[in-house]
Amino acid sequence: MTSIKNSDAWIALVDHHKSIKSAEMRDLFNEDENRFNDNHIQYDDLLIDFSKNRITKDTIPLLIKLSHEANLNLWRDKLFSGEKINFSENRSALHTALRNRSNTPVLSEGKNVMPEINESIDKMGNFSESVRSGEWKGFTGKRIETIVNIGIGGSDLGPAMVCKALKPYGTKNIIPLFVSNVDGADLAQTLQQCDPETTLFIIASKTFTTQETMTNAFSAREWLISKLKDSAAISRHFVAISTNITAVEDFGIAKNNMFKFWDWVGGRYSLWSSIGLPIAIFIGIDNFKDLLAGAHEIDNHFKTAPPEKNIPVVLALIGIWNINFFNFTTHAILPYDQGLSLLPSYLQQLDMESNGKFIDREGNRICLNTGPILWGESGTNGQHAFYQLLHQGKEIVPTDFLMPIHSQYKIGENGDGHHKILISNFIAQTKSLMLGKTETEARDEMLGKGIPKKDIDLLASHKSFIGNRPSTSILFNKLDPKTLGRIIAIYEHKIFVQGIIWNINSFDQWGVEYGKQIASLVLPELRKKTTTTAFDSSTNNLINYTKKNL
């Protein structure tokens, strides 16, 4: 494929950027009273306001032409049809089939995958209900009160994020806990919260060989047996989500207690699959299906909405505009909902593992910035941490603000006192980042407060803000399962669109694998008693120093 930088649309965008790069958003708003009307999308109760980005009426149409030159529609069809677009691993990327609530046939290698998916969801539903109702009992006959999900990456971040976000929908009879880090502190501190007689472990590993997950799994098994004094207890306190039947049974888990998924389910897209078992147990299978339904609605929207009204497409194109033309290479996710406090971490993996690539689909080096450095924190906590840099730092960071209109909790004056304060902060931050404050405005403000002129001269520059900093606002009625499903799917498809324009495979993660490969060489050297000389001088000395002091 010819580099997208050589396309007519890209060349036109370069010229367009030159013409507006110095434009001030405060002026654009003053000049166009319809700016919001022309730069937002509403889908049901979702409102996407992208008017506070450095764009004019010409920007989005030019970016849409760019998406056409990258053959976005063709690649979108390939994604949904089950074609093996993850060519480096010879796999489809059919996570959308997992939430295909329309139940229309979806083919993988000529076979309709929907019957197996429906069977898996039914099995999840039956099992989750048996745990929630108390029908499933532990080895000593007590009902399950704690579930511990042991996984890593998508097998941890997805379920943990959703369970936290949807806590108001969760049963009060079961506490969900999550272990991912191979650092023993993670498992040890979690086990301190558990009663072995009432704890169910869910081991989530596609291959059942992932080093971090299986190290934690074997230690959890050892802990359980040491407490209950009988290895037969494993069958009532461990279930597995995997594709490796032999390894699961060797661990001591019965085949009937194994939940399968497929090689066309990438880890960071897997919460829709049986990896979502802890979600189904905690919030119930009906709410889990609502989560799927919300994502399915966005899948259909992504497939059918015109590009200028297509939420994932527009968000992706604005990201391309910020990253590749303004050279804003970081991106902040700022949810103004404490339940979404894990969303930045979840999206960090989803985005940076998908598009953090420097090789294109043809094996050539990419001459563009690709995936942004993504980070964030829930508001208002972030306001008292890194917002200083957002407002006055040299680095300009495009931001996504997410805000529910109604809280999941009634607290404060009239039941919404806290939430109105939260909303006011959300709106104020988007406005102030866009508007800024000139030094003259800062002087006038202080003068109106009666501050002496000598102090005004000292403080005016410090109290001024350049502004003109891009943000997108995402509002929704309430954080419920369907809305959360919609939000996650929007970001999934946004990332996919950007990967297509950058001409990269968004579905492999060889950088993750490489680190594991090197770790497998280092570990035997750590276990040896002799001095290590196998690597470079830094690595050798780090290993030898560690061994000396262990």
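Q: What makes a space a pocket, and what makes a residue part of its lining?
A: A pocket is an open set of grid points with protein on both sides within 12 Å along at least five of seven lines. Lining residues have an atom within 4 Å of a point. The model examined here is predicted.

Q: Which helices each supply at least two residues of the lining of the largest pocket?
A: They are α8 (154-165), α10 (211-228), α16 and α22 (510-527). Of these, α22 gives the most, with five residues.

Q: What is the volume of the largest pocket, and which residues are closest to its centre?
A: The volume is about 890 Å³. The lining has 35 residues, and Thr 210, Gln 509, Val 512, Glu 513 and Lys 516 are the closest to the centre.

Q: What makes a space a cavity instead, and how many does the whole structure hold?
A: In a cavity a 1.4 Å probe fits but cannot get out. The search finds four cavities of 30 Å³ or more.

Q: What lines the largest cavity?
A: Its lining has 17 residues, and Leu 315, Gly 319, Asn 322, His 331 and Lys 494 lie nearest the centre. Two or more residues come from each of α15 (311-325), β10, β12 and α21 (481-502). The most come from α15, which gives five.

Q: Why is the pair of Phe 80 and Phe 302 called tilted?
A: Ring centres must lie within 6.5 Å to pair, and theirs are 6.3 Å apart. Planes under 30 degrees apart would count as stacked and over 60 as edge-to-face. The planes of Phe 80 and Phe 302 are at 45°, so the pair is tilted. It is found among 21 aromatic pairs in the whole structure.

Q: How do you know that the pair of Phe 80 and Phe 302 links distant parts of the chain?
A: Phe 80 is in helix α5 (residues 72-81) and Phe 302 is in helix α14 (residues 285-304). They are 222 residues apart. Both Phe 80 and Phe 302 are buried.

Q: What makes Lys 303 count as a charge over the ring of Phe 80?
A: The distance cut-off is 6 Å from the ring centre. The charged end of Lys 303 is 4.8 Å from the centre of the Phe 80 ring and sits over it. Arg 76 likewise lies over the face of Phe 302, at 5.4 Å from the ring centre.

Q: Which residues of α5 are buried, and what covers them?
A: The buried residues are Leu 72, Trp 75, Arg 76, Lys 78, Leu 79 and Phe 80. Their cover includes α4 (59-69), α6 (95-98), α14, α15 and α21. After α5 comes Gly 82, with a positive phi near 90°.

Q: What makes Tyr 336 and Phe 426 an aromatic pair?
A: Their centres are 6.1 Å apart, and the cut-off is 6.5 Å. The angle between the planes is 55°, and the pair is tilted. Tyr 336 is in the loop between β10 (330-335) and α16 (343-355), while Phe 426 is in helix α18 (residues 417-435), 90 residues apart.

Q: Why do Tyr 336 and Phe 426 count as buried?
A: Buried means under 20% relative accessible area. Tyr 336 is at 0%, so it counts as buried. Phe 426 has 4%, so it is buried too.

Q: How do you know that the span of α18 agrees with its number of residues?
A: At 1.5 Å a residue, the 19 residues of α18 should span 27 Å. The end C-alpha atoms are 27 Å apart, which agrees. Gly 436 follows α18 and has a positive phi, near 70°.

Q: Why is Asn 103 called partly exposed?
A: The class runs between 20% and 50%. Asn 103 is at 41%, so it counts as partly exposed. This residue is in the loop between α6 and β3 (107-108).

Q: What makes the phi of Asn 103 and of Asn 327 stand out?
A: Most residues other than glycine have a negative phi. Phi of Asn 103 is positive, near 60°. Phi of Asn 327 is also positive, near 60°. Asn 327 lies in the loop between α15 and β10.

Technical notes:
Residues are numbered from 1 along each chain as its sequence is written. This is a predicted model: local features need pLDDT of at least 70, side-chain atom pairs count only at pLDDT 80 or more; totals for chains, interfaces and linings use all residues. Side-chain values use heavy atoms; hydrogens and water are left out. Rings of Phe, Tyr and Trp (its six-membered ring) pair if their centres lie within 6.5 Å; planes under 30 degrees apart count as stacked, over 60 as edge-to-face and the rest as tilted. Helices (H or I, at least four residues) and strands (E, at least two) are DSSP runs, numbered from the N terminus. Buried means under 20% relative accessible area, exposed over 50%, partly exposed in between (1.4 Å probe, protein chains only). A charge sits over a ring if NZ of Lys or CZ of Arg is within 6 Å of the ring centre and within 35 degrees of the ring normal. The expected span of a helix is 1.5 Å times one less than its number of residues. On a 1 Å grid over the protein atoms alone, a cavity is a set of points where a 1.4 Å probe fits but cannot get out, and a pocket is an open set with protein on both sides within 12 Å along at least five of seven lines; lining residues have an atom within 4 Å of a point. Grid points are joined across faces, edges and corners, and a volume is the space filled by probe spheres set on the points. Contact means heavy atoms within 4.5 Å.
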